[in-house]
Amino acid sequence: MSPACGMLLDETPLFEPALLQELDWSSKTVSFSPPISPSQPGEGLVLRPLCTADFNRGFYKVLSQLTTAGDVTPEQFIKNFEHMKKTGDYYVIVVEDTNLGQIVATATLITEHKFIHSCAKRGRVEEVVVSDVCRGKQLGKLLVSTLTLLSKKLDCYKITLECAPKNVAFYTKFSYSASDETYMQCRFFD
């Protein structure tokens with residue numbers, strides 16, 4: 001057994017859950033009908049930080065609806081989780097359907113430490129995905145609103161994301177706008 005596997009798949013959160021409870025939800029930019037919030041995401045649903053036990057709650061099944069998630073062992077997952085927790089710059093949130101004991105949505109906020117803007121932080125939203133069985137429950141809006149407010153709470157000077165052209169209208173609801181920069185990439189693996 002590798003050292004990374006010394007940790008069990010448990011309920012230890014990736015980051016302090018109080019960060020989500022302390023968000024100023026009144027300053028959100030979109031409305032919800034019916035009203036939902038990080039503390040009340042919907043009937044039987046809980047929004048919280050990722051924990052290692054989510055490996056067995058379908059976390060990768062949800063991610064694979066967005067992109068290639070790959071075959072990941074519990075050891076690899078724990079090692080990555082521990083790295084993310086140690087840096088303190090990763091905020092992966094999940095929505096769990098407590099009736100099913102399954103993850104039904106997830107999104108990630110990564111904070112980058114910059115030398116510019118007086119050594120400020122920039123937030124970056126990644127991997128926003130809602131399970132196909134839960135679409136239409138405003139969970140995508142909830143995830144993006146939560147991470148946007150969280151980045152503000154963490155004193156990021158800006159928050160960015162990359163999205164397909166078909167999703168631009170969705171993100172403009174949250175006060176995101178297209179920038180003058182062009183997203184470019186150099187891919188090494190698919």
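The model is predicted, so a word on ground rules: local features need pLDDT of at least 70, side-chain atom pairs count only at pLDDT 80 or more, and totals for chains, interfaces and linings use all residues. Residues are numbered from 1 along each chain as its sequence is written, and side-chain values use heavy atoms, with hydrogens and water left out. Helices (H or I, at least four residues) and strands (E, at least two) are DSSP runs, numbered from the N terminus.

**Helix α3**

- Helix α3 covers residues 74-87, and its 14 residues should span 20 Å at 1.5 Å a residue, which agrees with the 20 Å between its end C-alpha atoms. The expected span here is 1.5 Å times one less than the number of residues.
- F77, I78, F81 and M84 of α3 are buried; that term means under 20% relative accessible area, while exposed means over 50% and partly exposed lies in between (1.4 Å probe, protein chains only).
- Seen down the axis of α3, the buried residues fall within an arc of 130°, so they line one face of the helix. The arc is taken from the directions from the helix axis to the C-beta atoms.
- An α-helix has 3.6 residues a turn, so residues three or four places apart point the same way.
- K79 and K86 are exposed and sit on the face of α3 turned away from its buried side.
- The cover over the buried residues of α3 includes α2 (59-63) and β2 (90-97).

**Salt bridges**

- The count of salt bridges comes to 10, where each is a side-chain nitrogen of Lys or Arg within 4 Å of a carboxyl oxygen of Asp or Glu.
- E22 and K153 form a salt bridge, at 3.3 Å from N to O. This pair links distant parts of the chain, 131 residues apart: E22 is in the loop between α1 and β1, and K153 is in helix α5 (residues 139-153).
- E22 is partly exposed at 49% relative accessibility, and K153 is partly exposed at 33%.
- D54 meets R48 in a salt bridge whose closest N and O atoms are 2.6 Å apart, and D54 also pairs with R57 at 2.7 Å, N to O.
- R48 and D54 are buried, and R57 is buried too.
- A network of salt bridges links E11, R48, D54, R57 and E96.

**Backbone details**

- The peptide bond from S33 to P34 is cis, with omega near 0°; P34 lies in the loop between α1 (18-21) and β1 (45-49).
- S118 is not a glycine, but its phi is positive, near 60°. S118 belongs to helix α4 (residues 116-119) and is exposed, with a relative accessible area of 76%.
- C119, also in helix α4, has a positive phi of about 60° although it is not a glycine. C119 is exposed at 53% relative accessibility.

- An unreviewed UniProt entry annotates residues 45-190 as "domain: N-acetyltransferase". UniProt positions follow the numbering used here, feature names are shortened, and annotations may be inferred rather than shown by experiment.
- Residues 45-190 are 29% helix and 28% strand, and their end C-alpha atoms lie 33 Å apart.
- T160, in strand β5 (residues 156-161), is buried at 18% relative accessibility.
- Neighbours within four places in sequence aside, T160 is in contact (heavy atoms within 4.5 Å) with R122, G123, R124 and V125.
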